[in-house]
Amino acid sequence: MENTGTKIKLHIQLFGGLAISYEGKNISIGKNKTAKYIQLLEIVWLSGRKGIPKDTLINILYDREEQSNISNSFNNLIYQMHKQLKKSGLPDSDYIVNRDGIFFPDDNVEIDSDAVRFTECVESARNCNDNTTEIILYKQAFDLYVSELLPEISTQEWVIMKSVQFQKMYSECVVSLGNYYQKRKDYDAMYRVYKKAAELYPDDEWQVGEINALIGMEAYKDAYAIYNETVRYYTDELGITPSNDLLECYDKMSRKITNSPNEILQIRDDILEHRESVVTSDEGAYDVSYPSFIDAYHILSRNMERSGQSVFMMLLTLVDYEGKKISNQAKLEARSKLLQQAISDTLRQGDTYCKYSASQYLVLLVGTSKESCKIVFRRVLNKLKVLAGPRTELEYSVVSLAELPDKLAEAK
């Protein structure tokens with residue numbers, strides 16, 4: 001940025017961490033980026049033309065702190081800020097000014113801030129009547145949002161509140177752009193939007209849009225890879241089951257695959273590849289993802305009447321020695337892995353299981369009775385106690401697949 005006349009031009013980056021540049025050079029205003037005088041500048045810069053009342057500023061900076069004389073502390077903070085700015089090599093200026101109890105960026109300092117431009121683009125897009133201009137503005141805002149706000153002070157309450165606002169605005173950009181590109185069948189652009197969003201916020205299910213874009217491009221193998229990776233992340237890392245939107249992606253992929261000879265050969269190779277990765281021995285139950293477990297349930301349900309073979313579904317839940325939910329996450333994660341091993345080592349080859357939540361596993365038991373289910377449970381529990389210790393406890397419930405449709409109807 002060039003300094004023209006008396007106007008000082010600063011480029012301020014706030015997304016992904018504070019960075020200041022003046023006349024093309026990076027400026028450091030102190031090694032400690034959590035310092036209050038730096039936060040003071042950041043808050044005023046973010047307030048932009050609206051400004052921020054002095055009382056609000058003081059409450060943010062000195063929240064929950066015991067100060068005998070807050071006013072003197074704040075004045076000292078202003079002095080310290082000017083001292084550090086001068087030390088950094090920036091030209092003499094106020095940089096922030098107090099007008100009738102409201103603080104604004106100094107009129108003699110032109111601030112080019114990514115966060116302020118992002119906000120202006122989103123607000124302009126909301127008020128725009130022209131669809132083409134609206135999309136251009138959302139795209140500009142989307143490109144500006146490269147990471148979360150000020151990660152070095154992300155635990156500060158004012159940063160958390162601002163970050164939540166920015167994340168909602170970013171979501172608005174993603175949805176608007178994703179829908180626009182999908183309607184135009186520009187699946188490549190749609191994929192890039194959702195891919196970036198999924199990398200920034202993997203817990204927000206942007207992977208659904210990513211998968212749908214790949215389906216639109218007929219890149220089914222890539223779509224399956226992202227789908228499986230997402231299901232594993234949600235099940236193993238977050239301890240939750242995949243949403244209906246993710247399951248719909250699975251159904252959509254299944255319907256889209258054609259029966260051409262070349263495709264069936266590719267599917268055969270994929271099956272063999274996956275088979276080699278899951279088979280560690282000829283014994284033991286089959287560990288699958290939750291969606292695959294649902295598929296197995298439907299197949300077995302259809303075959304029960306013809307074969308006359310009974311199938312039961314068992315839910316195993318980890319609890320502490322008092323029968324309560326395990327609150328320690330590290331302990332729960334360790335126990336969950338040991339429960340998976342106990343199930344794999346104890347059940348038969350014809351049985352199927354999957355992780356249902358952080359503390360639960362579902363099991364399909366083929367060719368057994370309700371009485372035998374209790375024996376199976378005792379075997380799993382005994383094995384788990386050997387692996388995890390005698391104070392380990394487990395609860396179970398069981399339902400016949402033949403009775404399940406009636407149970408679901410009663411629940412409705």
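Biologist: In what order do the 5 strands of the open sheet run?
Modeller: In this predicted model, the order is 8-10-11-9-12, and the pairing is mixed.

Biologist: Which strands are at the edges?
Modeller: Strand 8 (286-287) and strand 12 (393-400) are the edge strands, as each of them pairs on one side only.

Biologist: What does Leu381 touch, leaving aside residues up to four places away in sequence?
Modeller: Leu381 touches Thr392, Glu393 and Leu394. As for Leu316, the C-alpha atoms of Leu381 and Leu316 are 9.6 Å apart in space, while the two residues are 65 residues apart in sequence.

Biologist: Changing topic: how do strand 1 and strand 2 pair?
Modeller: Strand 1 (residues 8-13) and strand 2 (residues 19-22) are antiparallel, with 4 bridges. Leu10 has Tyr22 in strand 2 as its bridge partner. The two strands form a hairpin with 5 residues between them, and Gly16 in the turn has a positive phi of about 90°.

Biologist: What about strand 2 and strand 3, how many residues lie between them?
Modeller: There are 2 residues between them in this hairpin, and Glu23 in the turn has a positive phi of about 55°. Strand 2 pairs with strand 3 (residues 25-27) in the antiparallel sense over 3 bridges, and Ser21 stands opposite Asn26 in strand 3.

Biologist: Now helix 1. How many of its 12 residues are buried?
Modeller: The number is 11 of the 12, so helix 1 is largely enclosed by the rest of the structure. Among the buried residues are Tyr37, Gln39, Glu42 and Trp45.

Biologist: What span should helix 1 have?
Modeller: At 1.5 Å a residue, the 12 residues of helix 1 (residues 36-47) should span 16 Å, and this agrees with the end C-alpha atoms being 16 Å apart. Just after helix 1, Gly48 takes a positive phi of about 60°.

Biologist: How do helix 4 and helix 5 cross?
Modeller: The axes of helix 4 (residues 114-126) and helix 5 (residues 131-144) cross at roughly 155° and come within 8 Å. The two helices are therefore roughly antiparallel to each other, since angles over 145 degrees count as such. Helix 4 passes helix 5 in a left-handed crossing.

Biologist: Which residues meet there?
Modeller: On the helix 4 side they include Phe118, Cys121 and Val122, and on the helix 5 side they include Leu137, Tyr138 and Leu144.

Biologist: And at what angle do helix 6 and helix 7 pack?
Modeller: Helix 6 (residues 157-183) and helix 7 (residues 187-200) pack at an angle of about 160°, with their axes 8 Å apart. They are therefore roughly antiparallel to each other, and helix 6 passes helix 7 in a left-handed crossing. The contact includes Tyr170, Val174 and Leu177 of helix 6 and Met190, Val193 and Tyr194 of helix 7.

Terms used
Residues numbered from 1 in each chain as written. Predicted model: local features only at pLDDT ≥ 70, side-chain atom pairs only at ≥ 80, totals over all residues. Heavy atoms only, no water. Expected span 1.5 Å × (residues − 1). Buried < 20%, exposed > 50% of the residue type's maximum accessible area, 1.4 Å probe, protein only. Pairing = 2+ DSSP bridges. Axes fitted to C-alpha atoms, helices over the stretch in contact; angles between N-to-C directions. Parallel < 35°, antiparallel > 145°, perpendicular 65-115°, else oblique. Left-handed = near helix turned anticlockwise from the far one by under 90°. Contact = heavy atoms within 4.5 Å.
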